[in-house]
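Thanks for coming, everyone. Let's take a quick walk through one structure. Please look at the screen.

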Amino acid sequence: MKTKFLILFCATSIITSCTTPTDSKEEHFVEDLLRKMTLAEKIGQMNQLNFDQPLDSVKAQIRRGEISSMLNIDPTIINEIQKTAVEESRLGIPLIIGRDIIHGYKTVFPIPLGQAASFNPEIVETGAHIAATEAREQGITWTFAPMLDISRDARWGRIAESLGEDPYLAGELGSAMVRGFQGDNLSDNNAIAACVKHFVGYGAAEGGRDYNSTNIPERLLRNVYLIPFQKSIEAGAATLMTSFNDNDGIPASGNDFLLRKVLRDEWNFDGFVVSDWCSMSEMIAHGYAADRKDVARISANAGVDMEMVSQTYIDYIEGLVAENKVSMQVIDDAVRNILRIKYRLGLFDNPYIDTTKATTIYSDKHLQAARRAAVESAILLKNNGILPLKPEQTIAIIGPMAHAPHDQLGTWSFDGEKNRTVTPLRALQTDEYKHIKYRYEAGLDYSRDSDIKNFSKVKATVKQSDVALVFVGEEAILSGEAHSLSNINLIGAQSELLKAVKSTGKPVVMVVIAGRPLTIERDLPYADAVLYNFHPGTMGGLAIMDLLYGKENPSGKLPVTFVREVGQIPMYYNHNNTGRPAQDWITLIKDIPLEAPQTSLGNTSFYLDSGKDPLFVFGYGLSYSTFEYSDFRLSSHEAGINDTITATATIKNTSNTDGTEIVQLYVRDLVGSIARPIKELKGFQRISIKAGESKTVTFKLPVSELAFYGKDLLKKVEAGEFDIWIAPNSKEGIKESFVITE
Ligand code: BGC
């Protein structure tokens with residue numbers, strides 16, 4: 001049994017890095033304004049309206065100081081509506097205009113799950129910065145992103161919006177996204193306020209069914225689900241959104257423990273908290289609030305500063321204050337938090353958009369960045385040598401996703417325009433690829449299509465070609481909010497289409513374009529190569545061609561586990577070992593003799609039908625290059641609490657092709673005061689290595705990074721033995737070990 005010592009991450013150690021240093025000018029401004037405000041005006045600042053009422057009525061409410069923020073407003077009237085707030089309301093407090101800019105504004109980047117496959121914070125930061133530049137130019141000052149919900153369930157449609165299953169990866173990429181949206185200074189004309197969401201646990205919805213309850217104990221919450229939120233707040237995220245779910249019976253918009261103790265007291269967050277869409281009034285349906293007045297009381301006291309859409313604050317706070325059920329202190333603090341962010345956005349000095357400025361929307365720079373992101377987000381899952389394609393081969397373009405300009409943009413792309421989408425088919429018509437000879441026969445009109453009437457035409461087309469590229473996957477509407485599935489096989493007749501193509505005897509490349517990790521095990525035998533793309537956005541088609549033709553070398557790695565069967569869910573790499581971990585020699589259903597006597601002795605944790613392993617593990621992804629890992633060295637095999645361990649290895653590109661490898665660092669804490677995960681990601685690096693060359697990769701691992709919330713719920717490093725891997729994915733790699741001493 002090992003001992004524990006030293007509290008490393010007390011709240012105070014974070015305070016210094018996670019807040020903007022108190023700017024006395026800012027605080028004076030906020031306090032001055034607050035002093036001038038009536039209670040009604042303060043409550044108005046806590047109210048966010050969806051733009052679904054006649055303009056005149058909205059303007060009247062703004063004039064009366066009843067609205068602080070609007071969402072889903074037509075960008076062309078932002079100046080007009082801002083003028084009403086600034087010039088026609090008593091105190092002239094500008095509106096903060098929110099919008100869901102999740103993976104690009106007009107120039108659409110791959111969905112967040114795709115961006116996560118790049119393991120590249122720079123790609124994510126650039127994407128968010130470009131989205132902010134395009135959006136602020138139109139008067140949008142606040143986005144509801146990044147979404148930081150750890151997701152271990154591909155049935156959940158919102159896995160598309162997530163940064164995957166790992167808290168370290170989501171934390172690194174989430175904070176990169178915050179930096180990208182917010183830039184150096186929120187008042188810059190290419191910065192918008194970020195909103196980390198959904199706080200918290202929403203991705204653990206039971207059964208993967210959206211809006212469902214979660215049951216995450218506090219320790220797991222702290223060791224997994226809170227990590228990306230804390231990191232992104234340390235990176236300066238201006239706002240935070242509560243989630244829809246109840247966790248262990250407490251709806252997130254009424255959870256004072258999370259919103260006051262964790263967020264404010266421990267993390268010292270000084271931005272504002274917004275509820276999700278009607279997540280406050282939905283506490284009535286949860287059975288947590290009796291009526292709308294009760295909703296307002298619970299959420300205000302829990303620490304929700306701004307109410308999205310459901311309007312209970314506007315209707316009831318005044319009465320609740322009179323009855324002493326909500327204090328003026330609570331109201332003043334909420335308003336301070338909101339005004340502070342409006343001040344930082346520079347809205348008081350500069351509320352309007354300059355409509356005479358040249359637009360950056362769809363600039364070449366933005367399009368090329370989206371293409372680069374799509375290249376780095378694609379994952380090569382299988383290749384028996386057919387890829388890269390040769391330019392002289394005649395190709396057959398098959399499948400419903402070869403030309404699906406709307407669907408390629410993915411979920412949450414309200415502002416993306418399908419006429420700007422470069423689909424794979426359109427890519428073949430560009431100057432760069434027009435020399436390729438191809439024939440096109442979709443076979444199915446859309447992913448759900450199950451009409452096989454055109455399959456004979458498909459086969460005839462394939463027979464006249466050297467190689468078939470079959471584009472399958474999901475329409476955008478099959479993932480995202482409220483779009484959970486209980487069956488995640490290829491939908492419609494897409495598996496049959498693949499089989500029909502394979503029956504021609506021609507080599508088949510399966511290109512998947514989807515919003516989630518689908519269960520594709522049954523399809524793999526019919527494909528000689530598989531390139532997986534989470535909806536890749538505006539430039540996806542060109543990126544796919546770049547990869548298929550070897551102009552780019554695939555480098556993406558999976559940010560989520562791909563299961564064999566939906567029944568394996570949840571299956572994730574950083575699970576506990578159990579008392580009976582599955583061995584290599586498991587007995588599957590086909591091996592069980594008839595009338596076998598019941599026995600549990602010697603048995604381990606796996607499924608009789610689908611075994612113990614997923615189809616593809618977290619961190620997996622192929623390249624046209626091959627890499628060899630060797631010479632693992634640690635700076636020391638023994639370290640103390642304040643030390644940093646340096647781990648190095650040699651990575652050799654053993655192929656004839658230059659390539660990029662995402663090298664991953666994992667650790668395992670062998671014995672703890674609680675059972676610990678069998679592996680945890682602690683670092684990653686993208687390393688470009690020329691054909692035949694070697695590079696040394698170096699990871700610096702501060703021992704403090706090994707801290708976790710143990711039996712006593714305090715964050716500490718526990719002394720003892722650790723295994724450490726430098727690895728190409730979460731299953732393989734070269735291993736060493738070290739001891740942490742007291
Ligand atoms: C979603 C949020 C989104 C909000 C505003 C809700 O339904 O859960 O993620 O930001 O709507 O559109």
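Which residues line the second largest cavity? They are Ser151, Arg152, Asp153, Ala154, Ile159, Glu165, Pro517, Val560, Thr561, Val563, Ile569 and Met571.

Some ground rules. This is a predicted model, where local features need pLDDT of at least 70, side-chain atom pairs count only at pLDDT 80 or more, and totals for chains, interfaces and linings use all residues. Residues are numbered from 1 along each chain as its sequence is written, and side-chain values use heavy atoms, with hydrogens and water left out.

Back to the cavities. A cavity is a set of points, on a 1 Å grid over the protein atoms alone, where a 1.4 Å probe fits but cannot get out; lining residues have an atom within 4 Å of a point. Volume is the space filled by probe spheres set on the points, with grid points joined across faces, edges and corners.

The structure holds five cavities of 30 Å³ or more. Nonpolar here is Ala, Val, Leu, Ile, Met, Phe, Trp, Tyr, Cys and Pro; charged is Asp, Glu, Lys and Arg; the others, Gly among them, are polar.

The largest cavity has about 100 Å³. Met37, Glu41 and Arg90 are among the residues lining it. By class, that lining has six nonpolar, four polar and two charged residues.

Next, Pro112. It is found in helix α6, residues 112-117. Helices are DSSP runs of H or I, at least four residues, and strands are runs of E, at least two, numbered from the N terminus. Is Pro112 buried or exposed? Pro112 counts as buried because its relative accessibility is 3%. Buried means under 20% relative accessible area, exposed over 50%, partly exposed in between, with a 1.4 Å probe and protein chains only. Leaving out residues up to four places away in sequence, Pro112 touches Ile102, His103, Ala160, Glu161, Ser162 and Leu163. Contact means heavy atoms within 4.5 Å. The C-alpha atoms of Pro112 and Gly515 are separated by 9.7 Å, yet these residues are 403 apart along the chain.

Last stop: helix α16, residues 364-377. Ten of its 14 residues are buried, so α16 is largely enclosed by the rest of the structure. Among the buried ones are His366, Leu367 and Arg371. What do the buried residues of α16 pack against? Their partners include α6, α7 (121-136) and β22 (680-689).

Terms used: 1 Å grid on protein atoms, 1.4 Å probe; cavity = no way out; pocket = protein on both sides within 12 Å on 5 of 7 lines; lining within 4 Å. Expected span 1.5 Å × (residues − 1).
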